[in-house]
Amino acid sequence: MARLFFNGDLELLRGKVVAVIGYGNQGRAQALNMRDSGVSVIIGNIRDAYWEAARRDGFEVYDIDEAVERADIVLLLIPDEVMPNVYSEKVLPRLRDGMVLAFASGYNVAFGFITPRQGVDYILVAPRMIGQGVRNSYLEGRGFPVLIGVAQDSSGRALDYALAIAKAIGAFGAGGCAVESSFEEEAHTDLFGEQVIGGGMLFLIRTAYEVMVEYGISPEVALLELYASGELIEVFKAVFSMGLWGQLKLHSTTSQYGQQTRGPRIAGPELKTVLRGIMEDIVSGRFAREWALEQMAGKPHFKAIWRRNLRHPMILEEQKLYRALGRIKD
Ligand code: NAI
(Lines give C-alpha, C1' and ligand atoms only; values in the text may rest on other atoms or scores of the structure.)
Protein backbone atom coordinates (compact mmCIF):
# COMPACT_ATOMS: atom_id res chain seq x y z
CA MET A 1 0.00 0.00 0.00
CA ALA A 2 1.23 3.52 -0.77
CA ARG A 3 2.32 5.47 2.32
CA LEU A 4 -0.13 8.11 3.50
CA PHE A 5 0.97 11.20 5.44
CA PHE A 6 -1.19 13.49 7.54
CA ASN A 7 1.31 16.14 8.62
CA GLY A 8 4.41 18.05 7.63
CA ASP A 9 6.90 20.24 9.50
CA LEU A 10 6.47 23.95 8.73
CA GLU A 11 9.70 24.64 10.67
CA LEU A 12 11.60 23.44 7.58
CA LEU A 13 10.33 26.51 5.70
CA ARG A 14 11.09 28.98 8.48
CA GLY A 15 13.60 31.66 7.44
CA LYS A 16 13.39 30.52 3.82
CA VAL A 17 12.02 32.48 0.88
CA VAL A 18 9.57 30.57 -1.31
CA ALA A 19 9.16 31.84 -4.87
CA VAL A 20 5.95 30.84 -6.60
CA ILE A 21 6.51 31.07 -10.35
CA GLY A 22 3.16 31.67 -12.02
CA TYR A 23 0.06 33.24 -10.46
CA GLY A 24 -2.72 31.33 -12.25
CA ASN A 25 -5.06 28.59 -11.02
CA GLN A 26 -2.59 26.83 -8.74
CA GLY A 27 -0.07 29.66 -8.28
CA ARG A 28 -2.50 32.12 -6.72
CA ALA A 29 -4.18 29.55 -4.46
CA GLN A 30 -0.93 28.03 -3.23
CA ALA A 31 0.78 31.40 -2.73
CA LEU A 32 -2.13 32.79 -0.67
CA ASN A 33 -2.39 29.61 1.42
CA MET A 34 1.36 29.53 2.12
CA ARG A 35 1.36 33.20 3.10
CA ASP A 36 -1.58 32.56 5.45
CA SER A 37 0.42 29.63 6.88
CA GLY A 38 3.18 32.08 7.83
CA VAL A 39 5.60 31.31 4.99
CA SER A 40 7.59 34.08 3.33
CA VAL A 41 6.33 34.04 -0.28
CA ILE A 42 7.33 36.06 -3.33
CA ILE A 43 5.99 35.75 -6.88
CA GLY A 44 7.87 35.38 -10.17
CA ASN A 45 5.87 36.17 -13.28
CA ILE A 46 5.97 37.55 -16.80
CA ARG A 47 4.53 41.06 -17.19
CA ASP A 48 0.90 40.19 -17.86
CA ALA A 49 -2.45 40.41 -16.06
CA TYR A 50 -1.33 37.75 -13.54
CA TRP A 51 1.56 40.01 -12.50
CA GLU A 52 -0.97 42.74 -11.72
CA ALA A 53 -3.23 40.29 -9.85
CA ALA A 54 -0.34 39.22 -7.61
CA ARG A 55 0.50 42.87 -6.91
CA ARG A 56 -3.12 43.58 -6.03
CA ASP A 57 -3.05 40.65 -3.58
CA GLY A 58 -0.13 42.36 -1.85
CA PHE A 59 2.77 40.18 -3.02
CA GLU A 60 6.24 41.31 -4.05
CA VAL A 61 6.42 40.36 -7.74
CA TYR A 62 9.63 39.93 -9.72
CA ASP A 63 10.68 38.76 -13.16
CA ILE A 64 11.01 35.00 -13.07
CA ASP A 65 14.83 34.86 -13.06
CA GLU A 66 15.05 37.45 -10.29
CA ALA A 67 12.47 35.60 -8.15
CA VAL A 68 14.48 32.37 -8.49
CA GLU A 69 17.62 34.26 -7.51
CA ARG A 70 15.93 35.62 -4.34
CA ALA A 71 14.48 32.24 -3.33
CA ASP A 72 15.52 29.13 -1.43
CA ILE A 73 12.52 27.11 -2.59
CA VAL A 74 10.84 27.50 -5.98
CA LEU A 75 7.36 26.26 -6.93
CA LEU A 76 7.02 26.07 -10.70
CA LEU A 77 3.31 26.68 -11.28
CA ILE A 78 3.02 27.64 -14.93
CA PRO A 79 1.37 25.62 -17.74
CA ASP A 80 3.20 22.37 -18.49
CA GLU A 81 3.48 23.31 -22.20
CA VAL A 82 5.58 26.42 -21.56
CA MET A 83 7.52 25.02 -18.60
CA PRO A 84 10.54 23.44 -20.39
CA ASN A 85 11.49 26.72 -22.11
CA VAL A 86 10.93 28.87 -19.04
CA TYR A 87 12.89 26.36 -16.99
CA SER A 88 15.92 26.27 -19.28
CA GLU A 89 16.00 30.03 -19.94
CA LYS A 90 14.93 31.60 -16.64
CA VAL A 91 15.11 29.03 -13.84
CA LEU A 92 18.03 26.67 -14.44
CA PRO A 93 20.69 29.40 -14.83
CA ARG A 94 19.71 30.84 -11.40
CA LEU A 95 19.49 27.57 -9.44
CA ARG A 96 22.06 27.16 -6.68
CA ASP A 97 23.16 24.14 -4.69
CA GLY A 98 20.86 23.45 -1.75
CA MET A 99 17.71 24.82 -3.41
CA VAL A 100 14.42 22.97 -3.69
CA LEU A 101 12.40 22.95 -6.89
CA ALA A 102 8.77 21.84 -6.55
CA PHE A 103 6.30 20.89 -9.28
CA ALA A 104 2.52 20.42 -9.15
CA SER A 105 2.64 18.01 -12.08
CA GLY A 106 5.05 15.20 -12.88
CA TYR A 107 4.74 15.64 -16.65
CA ASN A 108 7.93 17.43 -17.72
CA VAL A 109 10.33 15.54 -15.46
CA ALA A 110 8.63 12.17 -16.09
CA PHE A 111 8.84 12.51 -19.88
CA GLY A 112 12.37 13.94 -19.91
CA PHE A 113 11.55 17.51 -20.99
CA ILE A 114 13.22 18.71 -17.76
CA THR A 115 16.32 16.97 -16.40
CA PRO A 116 17.27 17.55 -12.75
CA ARG A 117 20.43 19.56 -12.09
CA GLN A 118 22.80 18.20 -9.47
CA GLY A 119 22.74 19.73 -5.99
CA VAL A 120 19.04 20.65 -6.05
CA ASP A 121 16.01 18.73 -4.69
CA TYR A 122 13.34 18.04 -7.33
CA ILE A 123 10.06 17.31 -5.61
CA LEU A 124 6.43 16.87 -6.53
CA VAL A 125 3.50 18.28 -4.58
CA ALA A 126 0.52 17.72 -6.83
CA PRO A 127 -2.91 18.66 -5.45
CA ARG A 128 -5.75 16.45 -6.67
CA MET A 129 -7.83 19.61 -6.67
CA ILE A 130 -8.37 22.61 -8.93
CA GLY A 131 -6.78 25.85 -7.75
CA GLN A 132 -10.05 27.41 -6.61
CA GLY A 133 -10.69 24.29 -4.50
CA VAL A 134 -7.20 24.54 -2.98
CA ARG A 135 -7.98 28.07 -1.78
CA ASN A 136 -11.60 27.47 -0.72
CA SER A 137 -10.72 24.29 1.20
CA TYR A 138 -8.00 26.16 3.07
CA LEU A 139 -10.34 29.00 4.01
CA GLU A 140 -12.91 26.50 5.26
CA GLY A 141 -10.36 24.46 7.24
CA ARG A 142 -10.70 21.44 4.98
CA GLY A 143 -7.74 19.58 3.51
CA PHE A 144 -7.41 17.89 0.13
CA PRO A 145 -5.35 15.00 -1.26
CA VAL A 146 -1.93 15.68 -2.76
CA LEU A 147 0.46 13.29 -4.46
CA ILE A 148 4.05 13.78 -3.35
CA GLY A 149 7.21 12.43 -4.92
CA VAL A 150 10.94 12.91 -5.20
CA ALA A 151 12.89 12.86 -8.48
CA GLN A 152 16.18 13.94 -6.92
CA ASP A 153 17.10 14.07 -3.25
CA SER A 154 20.27 16.14 -2.94
CA SER A 155 19.64 17.39 0.61
CA GLY A 156 18.58 14.03 2.02
CA ARG A 157 15.37 15.77 3.15
CA ALA A 158 13.49 16.07 -0.13
CA LEU A 159 10.45 14.14 1.11
CA ASP A 160 10.32 16.31 4.25
CA TYR A 161 10.29 19.42 2.05
CA ALA A 162 7.42 17.98 0.01
CA LEU A 163 5.47 17.33 3.22
CA ALA A 164 6.25 20.82 4.55
CA ILE A 165 4.97 22.41 1.33
CA ALA A 166 1.90 20.16 1.39
CA LYS A 167 1.24 21.40 4.93
CA ALA A 168 1.80 25.05 3.96
CA ILE A 169 -0.62 24.91 1.03
CA GLY A 170 -3.28 23.43 3.31
CA ALA A 171 -3.40 19.78 2.28
CA PHE A 172 -3.55 18.56 5.87
CA GLY A 173 -6.74 20.31 6.90
CA ALA A 174 -9.68 18.07 7.84
CA GLY A 175 -9.98 15.08 5.53
CA GLY A 176 -6.77 15.79 3.62
CA CYS A 177 -3.62 13.72 3.18
CA ALA A 178 -0.46 13.28 1.13
CA VAL A 179 0.03 10.05 -0.77
CA GLU A 180 3.57 8.96 -1.61
CA SER A 181 3.90 8.66 -5.37
CA SER A 182 6.45 9.62 -8.04
CA PHE A 183 6.73 12.02 -10.97
CA GLU A 184 6.13 9.09 -13.35
CA GLU A 185 3.17 7.65 -11.48
CA GLU A 186 1.54 11.07 -11.16
CA ALA A 187 2.04 11.89 -14.85
CA HIS A 188 0.82 8.50 -16.05
CA THR A 189 -2.18 8.52 -13.72
CA ASP A 190 -3.15 12.07 -14.56
CA LEU A 191 -3.02 11.49 -18.32
CA PHE A 192 -4.80 8.13 -18.11
CA GLY A 193 -7.54 9.54 -15.88
CA GLU A 194 -8.23 12.56 -18.06
CA GLN A 195 -8.04 10.64 -21.34
CA VAL A 196 -10.15 7.69 -20.24
CA ILE A 197 -12.65 9.16 -17.80
CA GLY A 198 -12.75 12.68 -19.24
CA GLY A 199 -12.36 11.74 -22.90
CA GLY A 200 -14.44 8.59 -22.57
CA MET A 201 -17.28 10.49 -20.95
CA LEU A 202 -17.35 13.19 -23.64
CA PHE A 203 -17.62 10.70 -26.46
CA LEU A 204 -19.90 8.23 -24.64
CA ILE A 205 -22.34 11.05 -23.95
CA ARG A 206 -22.15 12.27 -27.53
CA THR A 207 -22.75 8.81 -28.95
CA ALA A 208 -25.65 8.29 -26.52
CA TYR A 209 -27.12 11.59 -27.71
CA GLU A 210 -26.89 10.49 -31.35
CA VAL A 211 -28.73 7.24 -30.59
CA MET A 212 -31.44 8.98 -28.55
CA VAL A 213 -32.15 11.47 -31.33
CA GLU A 214 -32.14 8.62 -33.86
CA TYR A 215 -34.92 7.05 -31.77
CA GLY A 216 -37.02 10.22 -31.90
CA ILE A 217 -36.16 11.66 -28.50
CA SER A 218 -36.05 15.46 -28.67
CA PRO A 219 -32.61 17.08 -28.34
CA GLU A 220 -33.77 19.00 -25.25
CA VAL A 221 -34.97 15.89 -23.42
CA ALA A 222 -31.82 13.98 -24.42
CA LEU A 223 -29.50 16.74 -23.24
CA LEU A 224 -31.30 17.15 -19.92
CA GLU A 225 -31.14 13.41 -19.32
CA LEU A 226 -27.48 13.07 -20.29
CA TYR A 227 -25.89 16.05 -18.52
CA ALA A 228 -27.66 19.38 -18.80
CA SER A 229 -29.90 18.94 -15.75
CA GLY A 230 -26.99 18.94 -13.29
CA GLU A 231 -28.11 15.58 -11.84
CA LEU A 232 -24.62 14.22 -12.47
CA ILE A 233 -23.23 16.77 -10.03
CA GLU A 234 -25.41 15.26 -7.30
CA VAL A 235 -24.46 11.72 -8.33
CA PHE A 236 -20.75 12.52 -8.11
CA LYS A 237 -21.18 14.23 -4.74
CA ALA A 238 -22.76 10.98 -3.55
CA VAL A 239 -19.88 8.99 -5.09
CA PHE A 240 -17.51 11.16 -3.04
CA SER A 241 -19.32 10.54 0.24
CA MET A 242 -20.81 7.04 -0.21
CA GLY A 243 -18.50 5.33 -2.71
CA LEU A 244 -19.03 4.34 -6.34
CA TRP A 245 -21.33 1.40 -5.68
CA GLY A 246 -22.64 2.82 -2.38
CA GLN A 247 -24.38 5.70 -4.19
CA LEU A 248 -26.26 3.21 -6.40
CA LYS A 249 -28.65 2.75 -3.47
CA LEU A 250 -29.89 6.31 -4.06
CA HIS A 251 -31.29 5.21 -7.44
CA SER A 252 -34.49 3.24 -8.00
CA THR A 253 -34.20 -0.56 -8.04
CA THR A 254 -35.08 -0.49 -11.75
CA SER A 255 -32.14 1.82 -12.28
CA GLN A 256 -29.83 -0.32 -10.12
CA TYR A 257 -30.78 -3.39 -12.19
CA GLY A 258 -30.40 -1.59 -15.53
CA GLN A 259 -27.06 -0.02 -14.65
CA GLN A 260 -25.52 -3.28 -13.46
CA THR A 261 -26.78 -5.40 -16.35
CA ARG A 262 -26.25 -2.93 -19.26
CA GLY A 263 -23.06 -1.24 -18.00
CA PRO A 264 -20.93 -4.35 -18.61
CA ARG A 265 -22.08 -4.40 -22.25
CA ILE A 266 -20.40 -1.01 -22.73
CA ALA A 267 -17.31 -1.93 -20.73
CA GLY A 268 -16.82 -5.35 -22.33
CA PRO A 269 -13.49 -7.19 -22.77
CA GLU A 270 -12.64 -5.17 -25.90
CA LEU A 271 -12.71 -1.98 -23.82
CA LYS A 272 -9.81 -3.27 -21.76
CA THR A 273 -7.76 -3.74 -24.94
CA VAL A 274 -8.50 -0.13 -25.89
CA LEU A 275 -7.55 1.12 -22.42
CA ARG A 276 -4.29 -0.85 -22.49
CA GLY A 277 -3.47 0.83 -25.81
CA ILE A 278 -4.08 4.25 -24.29
CA MET A 279 -1.90 3.36 -21.28
CA GLU A 280 0.86 2.06 -23.58
CA ASP A 281 0.88 5.38 -25.46
CA ILE A 282 1.32 7.13 -22.11
CA VAL A 283 3.95 5.00 -20.38
CA SER A 284 6.06 4.61 -23.56
CA GLY A 285 6.16 8.42 -23.90
CA ARG A 286 4.43 8.20 -27.33
CA PHE A 287 1.59 10.50 -26.25
CA ALA A 288 4.00 13.08 -24.78
CA ARG A 289 6.15 13.05 -27.96
CA GLU A 290 3.06 13.33 -30.20
CA TRP A 291 1.79 16.33 -28.19
CA ALA A 292 5.24 18.00 -28.16
CA LEU A 293 5.47 17.68 -31.97
CA GLU A 294 1.91 18.99 -32.36
CA GLN A 295 2.81 22.06 -30.28
CA MET A 296 6.00 22.66 -32.25
CA ALA A 297 3.97 22.58 -35.48
CA GLY A 298 1.58 25.26 -34.14
CA LYS A 299 -1.18 22.81 -33.04
CA PRO A 300 -2.89 22.40 -36.46
CA HIS A 301 -4.55 19.07 -35.57
CA PHE A 302 -5.61 20.33 -32.13
CA LYS A 303 -7.28 23.38 -33.67
CA ALA A 304 -8.99 21.24 -36.34
CA ILE A 305 -10.49 18.79 -33.82
CA TRP A 306 -11.76 21.65 -31.67
CA ARG A 307 -13.47 23.19 -34.73
CA ARG A 308 -14.95 19.83 -35.77
CA ASN A 309 -16.27 18.98 -32.30
CA LEU A 310 -17.91 22.37 -31.83
CA ARG A 311 -19.79 21.88 -35.12
CA HIS A 312 -21.49 18.68 -33.84
CA PRO A 313 -25.33 18.94 -33.78
CA MET A 314 -25.33 18.13 -30.05
CA ILE A 315 -23.33 21.28 -29.29
CA LEU A 316 -25.53 23.41 -31.51
CA GLU A 317 -28.63 22.10 -29.69
CA GLU A 318 -26.90 22.54 -26.32
CA GLN A 319 -26.22 26.19 -27.09
CA LYS A 320 -29.88 26.76 -28.01
CA LEU A 321 -31.04 25.08 -24.79
CA TYR A 322 -28.53 26.92 -22.60
CA ARG A 323 -29.57 30.22 -24.17
CA ALA A 324 -33.26 29.44 -23.54
CA LEU A 325 -32.43 28.57 -19.93
CA GLY A 326 -30.46 31.82 -19.55
CA ARG A 327 -27.16 30.01 -18.83
CA ILE A 328 -25.40 31.74 -21.71
CA LYS A 329 -26.07 35.07 -23.39
CA ASP A 330 -26.15 35.70 -27.15
P1 NAI B 1 -2.25 28.47 -15.40
O2 NAI B 1 -2.63 28.27 -16.83
O3 NAI B 1 -3.30 29.00 -14.49
O4 NAI B 1 -0.94 29.41 -15.35
C5 NAI B 1 -1.03 30.77 -15.53
C6 NAI B 1 0.30 31.37 -15.12
O7 NAI B 1 1.32 30.96 -16.04
C8 NAI B 1 0.27 32.88 -15.13
O9 NAI B 1 0.98 33.38 -14.01
C10 NAI B 1 0.98 33.23 -16.41
O11 NAI B 1 1.65 34.50 -16.33
C12 NAI B 1 2.00 32.11 -16.50
N13 NAI B 1 2.44 31.89 -17.89
C14 NAI B 1 1.68 31.60 -18.96
N15 NAI B 1 2.43 31.51 -20.08
C16 NAI B 1 3.70 31.76 -19.69
C17 NAI B 1 4.95 31.80 -20.38
N18 NAI B 1 5.04 31.58 -21.69
N19 NAI B 1 6.06 32.08 -19.66
C20 NAI B 1 6.00 32.29 -18.31
N21 NAI B 1 4.85 32.26 -17.61
C22 NAI B 1 3.73 31.98 -18.29
O23 NAI B 1 -1.60 27.12 -14.82
P24 NAI B 1 -2.20 26.11 -13.76
O25 NAI B 1 -3.45 25.52 -14.27
O26 NAI B 1 -2.18 26.79 -12.42
O27 NAI B 1 -1.09 24.97 -13.77
C28 NAI B 1 0.16 25.15 -13.12
C29 NAI B 1 0.75 23.80 -12.78
O30 NAI B 1 -0.13 23.13 -11.85
C31 NAI B 1 0.89 22.85 -13.97
O32 NAI B 1 2.03 22.07 -13.78
C33 NAI B 1 -0.37 21.98 -13.87
O34 NAI B 1 -0.21 20.72 -14.48
C35 NAI B 1 -0.49 21.86 -12.36
N36 NAI B 1 -1.81 21.53 -11.85
C37 NAI B 1 -2.89 22.28 -12.24
C38 NAI B 1 -4.14 22.03 -11.72
C39 NAI B 1 -5.28 22.95 -12.01
O40 NAI B 1 -6.21 22.98 -11.23
N41 NAI B 1 -5.27 23.74 -13.07
C42 NAI B 1 -4.38 20.91 -10.79
C43 NAI B 1 -3.16 20.25 -10.35
C44 NAI B 1 -1.94 20.55 -10.91
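At what angle do the axes of helix 8 and helix 15 cross? The views below are of a predicted model, in which local features need pLDDT of at least 70, side-chain atom pairs count only at pLDDT 80 or more, and totals for chains, interfaces and linings use all residues. Residues are numbered from 1 along each chain as its sequence is written, and side-chain values use heavy atoms, with hydrogens and water left out.

**View 1. Crossing of helix 8 and helix 15.** The axes of helix 8 (residues 183–214) and helix 15 (residues 313–324) cross at roughly 85° and come within 10 Å. Axes are lines fitted to C-alpha atoms over the stretch in contact, and angles run from 0 to 180 degrees between N-to-C directions. Helix 8 is therefore roughly perpendicular to helix 15 (65 to 115 degrees). Helices are DSSP runs (H or I, at least four residues), numbered from the N terminus.

**View 2. Residues between the two helices.** Ile205, Arg206 and Tyr209 of helix 8 meet Pro313, Met314 and Glu317 of helix 15 (heavy atoms within 4.5 Å). This contact holds four nonpolar, no polar and two charged residues. Ala, Val, Leu, Ile, Met, Phe, Trp, Tyr, Cys and Pro count as nonpolar, Asp, Glu, Lys and Arg as charged, and the others, Gly among them, as polar.

**View 3. The shell around the ligand.** Tyr23, Gln26, Asn45, Asp48 and Asp80 come nearest among the 23 residues around the ligand (a heavy atom within 4 Å). By class, the shell has 14 nonpolar, seven polar and two charged residues.

View 4. A polar side-chain atom of aspartate 80 lies 2.7 Å from a ligand oxygen atom (a polar contact is a pair of N or O atoms within 3.5 Å).

Conventions: Polar contact = N/O pair within 3.5 Å; in protein donor to acceptor, adjacent residues only side chain to side chain. Parallel < 35°, antiparallel > 145°, perpendicular 65-115°, else oblique.
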